[in-house]
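The sequence and the model come first.

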Amino acid sequence: RERKLLEKIDYENGYSLYIGIPFCPSTCLYCSFTSYPLGMWKNRVDEYLDALEKEITFTATKFYHKKLNSIYIGGGTPSLLPIESLRLLLRSILSSINPTTIQEVTLEANPGDITPQNIQAWRALGINRLSMGVQSFNDSLLQLVGRRHSAQQAIQAIQTAQAEGITNLSIDLMYA
C-alpha cells in the first residue's frame, strides 16, 4: 500500500509538511523530543496553534509553486488534541494550499487515544494514516518507561484502528 502511494508522490516539484505538536500527557523516560505536559501547559495550546497557523500560511506562500504531497502531524502527542483543534489546524493548511495533491495525512497517536469515535472523527478530517506509539508489547517495559497503556490495550487499539478503516498504520516499537 505504501509503495503504491509513494509512486504517486512528486519528488521533483513536491514537499511534505511536518507539524510538531509539543504537548503530551506526561514525559516518558526515553523521550528526547521537545514536549510539555499538557496539564501544565493546557492554557497555552490555543496560543501555540495560532502561532502554528501563521507559520503554515508563511510556508504555503513560500512554496506556492510546489505540490504538498503529505502532512505528518507528530509530537508530542497530537492525538490528545481536541477534534475541534485538529479541525482548525487542518482547515488552516487546506485553505492555504491545493489539497488535491495530498497523498497522505498522518497523525501520531497513543494507544490510549484510539477509540472508534476518535478514528471516525480523524478520518472525517482527512487523516488516512496513523503512526501509533506502542513502544513495546512488554507490560513491564511499558511501565518502566512511563507509558499509559498496557500491551493488551495496544493490541486493542491496533484492532480498533483497522476495524474503523485505517488501513495505513505504522506501529512504533522501541523495546522488545
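Among contacts (heavy atoms within 4.5 Å) in the chain between residues at least 6 apart in sequence, 74% join residues at least 24 apart. The model is predicted, so local features need pLDDT of at least 70 and side-chain atom pairs count only at pLDDT 80 or more, while totals for chains, interfaces and linings use all residues. Residues are numbered from 1 along each chain as its sequence is written, and side-chain values use heavy atoms, with hydrogens and water left out.

## Overall fold

The chain has 7 helices and 7 strands. These elements are DSSP runs numbered from the N terminus, with helices (H or I) of at least four residues and strands (E) of at least two. Their order along the sequence is α-β-β-β-α-α-β-α-β-α-β-α-α-β.

The radius of gyration of the chain is 16 Å, which agrees with the value near 16 Å for a compact globule of 176 residues. This radius is taken over C-alpha atoms, and the globule rule is 2.2 Å times the number of residues to the power 0.38. The C-alpha trace spans about 50 × 40 × 30 Å along its principal axes.

Of the 176 residues, 45% are buried. Buried means under 20% relative accessible area, exposed over 50%, and partly exposed in between (1.4 Å probe, protein chains only). The accessible surface of the chain is about 10,000 Å², and carbon and sulfur atoms account for 52% of this surface. Accessible areas come from the Shrake-Rupley method with a 1.4 Å probe; for residues, only the protein chains shown count as cover.

## Salt bridges

The structure holds 5 salt bridges, each defined as a side-chain nitrogen of Lys or Arg within 4 Å of a carboxyl oxygen of Asp or Glu. Among them are the following pairs.

| Lysine 67 | Aspartate 10 | 3.4 Å |

Lysine 67 forms its salt bridge with aspartate 10. This pair links distant parts of the chain, with lysine 67 in strand S4 and aspartate 10 in the loop between helix H1 (2–7) and strand S1 (14–21), 57 residues apart. Lysine 67 is partly exposed at 39% relative accessibility, whereas aspartate 10 is buried at 17%.

Arginine 87 and glutamate 84 are 3 residues apart in helix H4, and therefore separated by about one helical turn. Arginine 87 is partly exposed, with a relative accessible area of 30%, and glutamate 84 is partly exposed at 41%.

Arginine 129 is buried at 14% relative accessibility, and glutamate 104 is buried at 8%.

## Surroundings of asparagine 168

What does the side chain of asparagine 168 join in a polar contact? The partner is the side chain of glutamate 104, at 3.0 Å. A polar contact is a pair of N or O atoms within 3.5 Å; within protein, one must be able to donate a hydrogen and the other to accept it, and residues adjacent in sequence count only if both atoms are side-chain atoms.

Asparagine 168 sits in the loop between H7 and S7 and is buried, with a relative accessible area of 16%. Not counting residues up to four places away in sequence, asparagine 168 touches Glu2, Glu104, Asn128, Arg129 and Leu130.

Leucine 173 lies in strand S7 (residues 169–173). Leaving aside neighbours within four places in sequence, leucine 173 is in contact with Val134, Gln135, Ser136 and Phe137. The C-alpha atoms of leucine 173 and glutamine 135 are 3.9 Å apart, although the two residues are 38 apart in sequence.

Leucine 173 also belongs to a nonpolar surface patch of about 310 Å², made with Phe137, Ile155 and Ile171. Patches are made of residues with over 30% relative accessible area and no salt bridge: like charges are joined within 9 Å, nonpolar side chains (Val, Leu, Ile, Met, Phe, Trp, Tyr) within 5 Å. Isoleucine 155 is found in helix H7 (residues 151–163) and is partly exposed at 33% relative accessibility.

## Backbone geometry

Most residues other than glycine have a negative phi, and most peptide bonds are trans. Glutamine 135, in strand S6 (residues 129–135), has a positive phi near 70 degrees. Glutamine 135 is buried, with a relative accessible area of 8%. The peptide bond from glycine 75 to glycine 76 is cis, with omega near 20 degrees. Glycine 76 is in the loop between strand S4 (67–75) and helix H4 (83–94).
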